[in-house]
Amino acid sequence: MSKPIPSSNGTTYTICVFTENTIGLLNKITILFSRRRINIESLTVSETERKGVSRFTIVIQHEIREEVEKLVRQIRKTIEVLTVFGYLNEEVIYNEIAMFKISTLSGAKPLDIEVINKIYKAWVVFWGLDYVVIEKTGSINEIFDFFNYIKPYGILEFVRSGRVAVSKSSKSLTDYLPEAEWEYYL
Amino acid sequence: MDLKEQQGADVSFNSDSQDYTVQTPEQVVLNGSHAVIRSLLAEGVETIFGYPGGAIMPVYDAIYDYQDKISHILVRHEQGAGHAAEGYARLSGKVGVCLVTSGPGATNLVTAIADAIIDSTPMVCIIGQVAKHLLGTDAFQETDVMGVTMPITKWNYQITSADEVPGIMAKAFYIAKSGRPGPVLIDITKNAQNEMMSGPFEYKPCSSMVSYRPRLVPKQEQLEKAAALINSAKKPFLFVGHGVQISGAEEILLKFLQKTGIPCASTLLGLSSVAVDHPLYMGWLGMHGNYGTNVLTNQCDLIIGVGLRFDDRVTGDVSRYAKQAKIVHIEIDPAEIDKIVKADAPVVGDAKAALEMLLPLVEPASHTEWVAEFAKYAEMEDRLITQPELSANSEKIKMAEVIRGLSDKTEGQAVVVADVGQHQMMTARYYQFKHPNSFITSGGLGTMGYALPAAFGAKVGDPERDVYAFIGDGCFQMTIQELGTIAQSGLPVKIIILNNNFLGMVRQWQQLFHEKRYSFVELQNPDFITIAKGFGIDGHTCVKREDLSQSLDKLIASDKPYVLEVLVEKEENVFPMVPSGACVSDIRLQ
């Protein structure tokens, strides 16, 4: 049985939040989602090209665009948040990274490295005594295509990073601050 | 000052208490606690409402040196400190300051913080915390106050070193009072209170932040769009929200009303911004608001909302709320725009600035016929509800008579604080406000027990004005211990208990919507006057209608705090009423 892609409930939105780097801010942002009963599909945080500015990439699914806009405005209101953008999938370039730990115990089906590399664009990043770790970058669909391919070999562990995304706009962070796209009335 | 001089300063270190005590407050290098107080002084803070305890003791030790410069009021429960600070802030327009200890001190303050955020009240709460090295160890009186208060503060921050104090305090005050005001919580670990700053204390007030830029001046194109809608409207209706009072827009609002001839109505927290006898004031809005204002909300062609958030108690069923009308929404908090009601012309900015800029863009007009439409509803409400309430011949006194009695005797000039429930709605209905900034109540959170400490805080905030609190018998028992605070201060706060031996509003709902199944709403009350006297506050009970006028005179005349208990009709209902989930135009007169 092939692994289903996580079920889609409404439209996927990627919310990018630029913040100061302070303790507890992750908490201040995520409680805005939980209070409105919006489930976070994935969340990543890292420092941007600007020192002291962190970037959250949060993926949610929602049926009502207005509710997502309201959420974005509530995040924007949080002190220490510099700016927030909400994007549809077609408005961003996005990817995830996945790692697969695959058993190579004697007697197991041998891995076809050529197929893994050339067809699936995945790479073995670690050779253990009785397992390998394969890294695969791509969209969720690509990752799950590979998942279904590799599954018969015996998956010991599987992890996805969650989405990272950059907008298709040619602006830099400097251009975004202080203007935010969805804040048309600001 | 060089290092030698710093070391030579008269600083003693007591290893038992782990307290640094700075002997001379004027010296330049301070410990964190002195830095806290010096920051408060630099912000012009005159009054702190607080309660000491283990984790805040170094700050309390520092206050001891500044008693001539800053007044500390010892409350009887931290919730009282919070509501007192709110009442103080609401009347004075200044930031209310609370000082409490960690753990239970902080959690007792939580209700007041939640109240302050929903009613946009500026407050800085300074909370003691266990020392940094004990954080996360379940130390004595350790609570994760940062975690607890994240959703209910405009901003919170944990200070763990003395050097952070002046910068963070400056940010705290700036955030609390600017934009849409709100509560800020500063959690200070005990080591930060005790340790010396590494350099001289310097205080620079904060006036801007990269990650917080409230828009005060609205955009011209938004104003022009709003003006176009206003100028073409045939039946415009202006809603006065709390933002009018917060921004001090009362005067410019009157000019705006005069020029445009637009009738207005008030939200609960907007009450008193426009005098009840103003020819364009039509009453108040919402669940227990006036008849005409609610019905005509669904007939007007334009709503101009000024500094309000279209709370569900105002809108009733949103899907049937003013669907025929265009909406101009003037509001400082962009997150409020389109949150409940979709705005056709949002104007993000300070209410006063927005009205000032809008005034030259609107054309002089009068809407005589439209204004006259309110009159027939007002007449009906007066005949069917107001007059019967005020001229009752029931055995027991009615709440309305007490409130209107005080209103007449004070000529609508007093500061009135109402607690939460039937008496709150009755106060809003029957006190005839004629002076701006005169009504203080817990609107958004509906916090029972708010009025007694808030009235006290209001009196501290403006001792020149007369402050009266209308409190129900249920509410009174929630913060009754603050009678001790009031007695100790000696300030003449006037308290009127409207006692019906019931949790009246819940009982009303049980009568109307739960087939009179009165589930736990009847109270066996103590003798309130004996209790007041036990605290050293004089008072008396009024039972008969013929004694009411004299009783109110006695309350008014007192130059000390005074408690007047009035035994009122037991099963009285507040009408008109928009039942929960109904549409505003389906407002019931009985």
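Mentor: Two strands pair if DSSP finds at least two bridges between them. The model discussed here is a predicted one.

Trainee: How do you know that strand S3 of chain B and strand S5 of chain B pair?

Mentor: Strand S3 (residues 47–50) and strand S5 (residues 96–100) of chain B are joined over 2 bridges, in the parallel sense. The criterion asks for at least two bridges, so S3(B) and S5(B) count as a pair.

Trainee: Which residue of S5(B) is the bridge partner of B:Phe49?

Mentor: B:Phe49 has B:Cys98 as its bridge partner in S5(B).

Trainee: To what strand order do these strands belong in the open sheet of chain B?

Mentor: The open sheet has 6 strands with parallel pairing, in the order S4-S3-S5-S6-S8-S7. On average, neighbouring strands of this sheet are turned by 20° against each other, direction ignored.

Trainee: What makes strand S4 and strand S7 of chain B edge strands?

Mentor: Strand S4 (71–74) and strand S7 (155–159) of chain B each pair on one side only.

Trainee: At what angle does helix H4 of chain B run to S5(B), and how is that direction classed?

Mentor: Helix H4 (residues 78–92) of chain B lies across S3, S5 and strand S6 (123–129), and runs at about 165° to S5(B).

Trainee: Which residues make the contact?

Mentor: H16(B) gives B:Met399, B:Ala400, B:Ile403, B:Arg404 and B:Ser407, while H17(B) gives B:Gln422, B:His423, B:Met426, B:Thr427 and B:Tyr430. By class, this contact has 5 nonpolar, 4 polar and 1 charged residues.

Trainee: How many residues of chain B are in contact with chain A?

Mentor: 19 residues of chain B are in contact with 18 residues of chain A. Helix H6 (145–149) and strand S14 (345–348) of chain B are the elements that give two or more residues to chain B's side. That side of chain B has 12 nonpolar, 3 polar and 4 charged residues.

Methods: Residues are numbered from 1 along each chain as its sequence is written. Chains are lettered from A and ligands numbered from 1 in the order in which they are written. This is a predicted model: local features need pLDDT of at least 70, side-chain atom pairs count only at pLDDT 80 or more; totals for chains, interfaces and linings use all residues. Two residues are in contact if their C-beta atoms, placed from the backbone, lie within 7 Å. Helices (H or I, at least four residues) and strands (E, at least two) are DSSP runs, numbered from the N terminus. Ala, Val, Leu, Ile, Met, Phe, Trp, Tyr, Cys and Pro count as nonpolar, Asp, Glu, Lys and Arg as charged, and the others, Gly among them, as polar. Axes are lines fitted to C-alpha atoms, for helices over the stretch in contact, and angles run from 0 to 180 degrees between N-to-C directions.
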